[in-house]
Amino acid sequence: MIASLKANTGPAFDRDYVQGQVDYQKGNAALFRYEIKKGVDPDLKEFAERTLPKIEDHLQRALKLAKSDLVSGGTGE
Amino acid sequence: MRVSQYGELSPYGREDAMRTLMPVTRRHAACRHLIVLLGVFSTTSLALGQTSKVQTLSLGGARAVLNAAEQKAQQLSAPSSLAVVDACADLIVFEQMEGVRPIGINLAVGKARSAARFREATQTLEASINGGRSAAITDGAIQMDGGVPVRIGSAVVGAVGVNGLNHHNDVEIAETAAAVVPGADARPSSAAAPASNVASVLSPVDANFVAQAFLGAPFQIDSGRIAEEKAANADLRDYAQLMVVSHIPVVDGLTQSCSGNGYLRLRRNCCKAPIAP
């Protein structure tokens, strides 16, 4: 992932980075939601509950960027 | 009759799945023969030192689990494929309810087998993969929600796999079914075990969470720094900067010296640091 980011330039870089971010934030949100639902340790659950809104905020930002023309459309392929 | 020595389920459709019922049943019998053999040789110290007991679901136990699963599936109006395997991960009983998708046959058996062999609910496995543990898929085992081990104490005596239209239902049905065996505890064994040290306090779900939750932070910093420089879109550069500044405290938190016992305690204490993955 880091290697392809280093290799890409221009719109291809933006798409690569944004798509990676959407996947990352989705996976992270799922992990934290699972801990909230199925975790046992109260400290960890509390941490997950406290942190999930931040991850969801980051996910929404990434999704918005992925939908924006500047990133997803741009010069076309 | 085709007999597969290892009792592998064919991945090709209903007929093959049904045909493999016989070989896996034989394998199940072989698993129990091990226990019988143990009885024969247990008078010698040699056998005692070189064999071990395997407690496994009987046919009656497996049917009880299957019936509980079917009952729960009907209650939820969730027609499902239902599979119950023994402690050796071999199929004992299987049921395809009316209205299921054919692929569910393979998935239900696969989920049950994975739960028995990993000694963990497949929900934990799927969460691990979704959390970024991509290497876990190289095993080739089905690691989707809906497989739950049947435990008696700390021993996994079998597992149930459920596949319907909704994976949340799959989990609920499987958990209900796994708990039906007398003495069974569908919860992970470490969660029920007395707390003798920090590591055992964490349930498998918690331990997985701790292991996964911080893996992405260094990547977010590295990739964010690259994007801050290279992104063509100004909004994207701002986002990248946000990722860098919000993940630096995560990494700092992990490297700071936390008091406590061992690696997990370190991670746990760091959870309390003001961080934002």
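**Briefing: helix packing, a buried glutamine and a nonpolar core**

B:Gln220 lies in helix 11 of chain B, which spans residues 216-230. The model is predicted. B:Gln220 is buried, with a relative accessible area of 0%.

**Around B:Gln220**

**Helix 2 of chain A with helix 6 of chain B**

- Helix 2 of chain A (residues 10-38) packs with helix 6 of chain B (residues 122-130) at an angle of about 150°, and their axes are 8 Å apart.
- Helix 2 of chain A is therefore roughly antiparallel to helix 6 of chain B, since angles over 145 degrees count as such.
- The crossing of helix 2 of chain A past helix 6 of chain B is left-handed.
- On the side of helix 2 of chain A, the residues that meet helix 6 of chain B are A:Gly27, A:Leu31, A:Tyr34 and A:Lys38.
- On the side of helix 6 of chain B, the residues are B:Gln123, B:Thr124, B:Ala127 and B:Asn130.
- By class, the residues of this contact are three nonpolar, four polar and one charged.

**Helix 2 with helix 3, both of chain A**

- Helix 2 of chain A and helix 3 of chain A (residues 42-67) pack at an angle of about 155°, with axes 8 Å apart.
- These two helices are therefore roughly antiparallel to each other.
- Helix 2 of chain A passes helix 3 of chain A in a left-handed crossing.
- Their contact has 15 nonpolar, five polar and seven charged residues.

**The largest nonpolar core**

- The largest nonpolar core has 24 residues, and those that touch the most other members are B:Leu57, B:Val65, B:Leu82, B:Val84, B:Val150, B:Val160 and B:Ile173.
- The elements of chain B that give two or more residues to this core are helix 4 (59-75), strand 1 (81-86), strand 2 (91-96), strand 3 (147-152), strand 4 (155-163) and helix 7 (167-178).
- Helix 4 of chain B provides the largest share of the core, six residues.
- Leaving aside neighbours within four places in sequence, B:Val84 is in contact with residues including B:Leu57, B:Val65, B:Ile92, B:Val93 and B:Val160.
- B:Asp90 is also among the contacts of B:Val84.
- In soluble globular proteins, nonpolar side chains tend to be buried together.

How values were computed. Residues are numbered from 1 along each chain as its sequence is written. Chains are lettered from A and ligands numbered from 1 in the order in which they are written. This is a predicted model: local features need pLDDT of at least 70, side-chain atom pairs count only at pLDDT 80 or more; totals for chains, interfaces and linings use all residues. Side-chain values use heavy atoms; hydrogens and water are left out. Axes are lines fitted to C-alpha atoms, for helices over the stretch in contact, and angles run from 0 to 180 degrees between N-to-C directions. Helices (H or I, at least four residues) and strands (E, at least two) are DSSP runs, numbered from the N terminus. Angles under 35 degrees count as roughly parallel, over 145 as roughly antiparallel, 65 to 115 as roughly perpendicular and the rest as oblique. A crossing is left-handed if the near helix is turned anticlockwise from the far one by less than a right angle, and right-handed if clockwise. Contact means heavy atoms within 4.5 Å. Ala, Val, Leu, Ile, Met, Phe, Trp, Tyr, Cys and Pro count as nonpolar, Asp, Glu, Lys and Arg as charged, and the others, Gly among them, as polar. Buried means under 20% relative accessible area, exposed over 50%, partly exposed in between (1.4 Å probe, protein chains only). A nonpolar core is a set of buried Ala, Val, Leu, Ile, Met, Phe, Trp, Tyr and Cys residues joined through side-chain atoms within 4.5 Å.
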